[in-house]
Amino acid sequence: MALVSSILEKFNFISSSLNNFFRDKLEIKGFPKMKNDRWKYTKTIDIFSSNQERESFDLKANLPISKLGSYDFRYLDDSFAFLSLSLVKDIDFIKMKDEKLILGNSLLKGAYFKALVIEVEGRCNIIEKFTSTEETMFFPLTYIILKRGSSLSYTKLQEHSGSVVDNTLLTLEEGSRLEMVTFSRGSRVLRNNLKVLQKTNSESTINGIYSVDKGHLDNFLRVEHLDRSRSKQKYKGIVEKGRVSFAGSIFIDRSAPGTESHQLNKTILLDDEGEMNSKPELEILNDDVKCSHGATIGSINEEQLFYLMSRGVTRNEAKLMLINGFLNDLLDKNNREEVLACFKR
Amino acid sequence: MILKIDNLIAETEDKKILDGINLSLERGEVHAIMGPNGSGKSTLSKVIAGHPEYIAKGSMSMEVDLKKRDLTSYSPDERAQLGVFLSFQHPVELPGVSNFTFLKAIFNSHLKKKGAPEMDALEFREHITPLLEELEIDDKFLERFVNQDFSGGEKKRNEALQMLLLKPKLVLLDEIDSGLDIDSLALVSKVVNSLRGETSFLIVTHYNRILDYVKPDFVHILIDGKIVKSGDHKLAEEVEKRGYNWL
């Protein structure tokens, strides 16, 4: 409680009934403690340790539309989502139907909060790209509702240097389809909370690609099958230096027999100084499911490197070719260009 | 002289595999290295190509553009640029890397080294098409991942395709005839014979099979890391009849 107050004191607090509602929730819940297993690799203190000066905090919520509507925030349970909601002036609201949306910004110095609700109908495509400097703190909350029968391709490109806790909540209504890929690089602190809730006959493909040569990346993913539905989660990445973790949690409710859920996390460690932690977590409340998970951590295969080099390709080029091959199955026509462009930098 | 090897010793961390090899190849010559399992034949070809698993001592020099180069000071990719080509006994699978991407990349790496403009996808497709026809390889083959789910014959044809593409000066064929169907063997041999004259070959083989198609100028018998006997193609026939025990 004391920590919550001392942190909130640093921000230019704008009081509204909405803000107060979430501020109360935050005060009750508090920020994640050291002993919280789901926050084992990201410490609250590290997130807030960069900007100690009160004056460097500046609220920059740029919100054109104000509409809370009847959106159900009961699925939100993260402290940093509450923090955003207790500080934003308004919640952005976007209704999409058969269209493409490009979201994003370069974030410079200061603290940024964002709360965005998107309602998707028909076939939509969202490309989100945020970059931040080291002097940035960023707490975005994105809540996307896939309406009945809709489909969404969602590409999230993260090139951060600051302290970021990214909360993304997706609810998949009956028969909707999600194809999502997140591309991340290491940051001072980057924690992704991705939560996907699936209703009857919905389908999700949730992929992640990471390329980390410094800093910290903590991917936390939770898929909840509330009714019979299907999901595939595949996270792959390259870690050279820095500290990376992946925790994939699958929940299949009693009310969701016939559900299929598969999860895979594969990492190539390029250097002894890189650290990778991978942890699956399954919570299955009925017997009639198909569920699998797996994780591998390895290095670049020397025989493959030698094969390429014996044809005249330099060691570095050979590595890049093998990395592209490793990531190949996660790239498609919607995201290949943008992801590979990030990768080359 | 394209390749000259003097007193070559090759070791892994705990084992000496080649124990003083001497060998000379003139331009355009075909040499066969025969020997029982575990004699060090495959190691010899890998060491010449620069496989990192082995520690090599002794001298290996290659003549390129009338200049003698000490191969031991070159990395595997630099050796390939000098004109060394190793055809693998077990060609390595590269999941996620299409054969087209692979072939284009290896070809362009040589163009780049020469300072020539690299080929784009369209130009390269035009360039590779007649080579595919020569080896009776289907077009779809280019879209598959390198060597993944290839039959034994397809893998070796893919090696021969790379040989045709890169036009190396020195080709090391490591057991090209193992796991090869008769049609593929005939095609691969045709490629070898077509390059013969310009290119020198070191054919490492357990059997006589490929030597029925490609007649070697010299045959060397390798046992326990040493060349114990050298001769012409008649030596291969003798080994075929009598095995290795008399040596």
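Axes are lines fitted to C-alpha atoms, for helices over the stretch in contact, and angles run from 0 to 180 degrees between N-to-C directions. Helices (H or I, at least four residues) and strands (E, at least two) are DSSP runs, numbered from the N terminus.

This is a predicted model, where local features need pLDDT of at least 70, side-chain atom pairs count only at pLDDT 80 or more, and totals for chains, interfaces and linings use all residues. Residues are numbered from 1 along each chain as its sequence is written, while chains are lettered from A and ligands numbered from 1 in the order in which they are written.

**Entry: helix pairs in chain B**

I took H3(B) and H5(B), residues 152-166, to begin with; they pack at about 30° with axes 10 Å apart. The two helices are therefore roughly parallel to each other. Their crossing is right-handed (a crossing is left-handed if the near helix is turned anticlockwise from the far one by less than a right angle, and right-handed if clockwise). I then listed who touches whom, with contact meaning C-beta atoms, placed from the backbone, within 7 Å. H3(B) gives B:Leu103, B:Ile106, B:Phe107 and B:His110, and H5(B) gives B:Gln162, B:Leu165 and B:Leu166. By class that is five nonpolar, two polar and no charged residues. The classes: Ala, Val, Leu, Ile, Met, Phe, Trp, Tyr, Cys and Pro are nonpolar, Asp, Glu, Lys and Arg charged, and the others, Gly among them, polar.

Next I checked H5(B) against H6(B), residues 182-195. Their axes come within 9 Å and cross at roughly 15°. That makes H5(B) roughly parallel to H6(B). This crossing is left-handed. From H5(B) the contact includes B:Lys156 and B:Arg157, and from H6(B) it includes B:Leu187 and B:Val191. The class count is seven nonpolar, two polar and two charged.

**Entry: where the chains meet**

How many residues does each chain give to the contact? Chain B gives 20 and chain A gives 17. On the chain B side, H2 (76-82), S7 (94-98) and H3 (99-114) each give two or more. That side has twelve nonpolar, seven polar and one charged residue.

**Entry: chain A**

I counted seven helices and 16 strands in chain A. Of its 345 residues, 43% are buried (20 or more other C-beta atoms within 10 Å of its own; 12 or fewer is exposed, in between is partly exposed; C-beta atoms are placed from the backbone).

Chain A splits into domain 1 (2-299) and domain 2 (302-345), with bounds from an automatic or database domain assignment. Their contact takes 15 residues from domain 1 and ten from domain 2. S6(A) provides the largest share of the domain 1 side, four residues.

H5(A), residues 302-309, is mostly covered, with six of eight residues buried. Among them are A:Phe306 and A:Tyr307. The cover includes H6(A) (315-327) together with H2 and S7 of chain B.

Last, a loop residue. Where does A:Glu135 lie? It lies in the loop between S4 and S5 of chain A. A:Glu135 is partly exposed, with 17 other C-beta atoms within 10 Å. Beyond its neighbours within four places in sequence, A:Glu135 contacts A:Lys109 and A:Gly162. A:Gly149 is 14 residues from A:Glu135 in sequence, yet 42 Å away in space, C-alpha to C-alpha.

Notes. Contact = placed C-beta atoms within 7 Å. Parallel < 35°, antiparallel > 145°, perpendicular 65-115°, else oblique.
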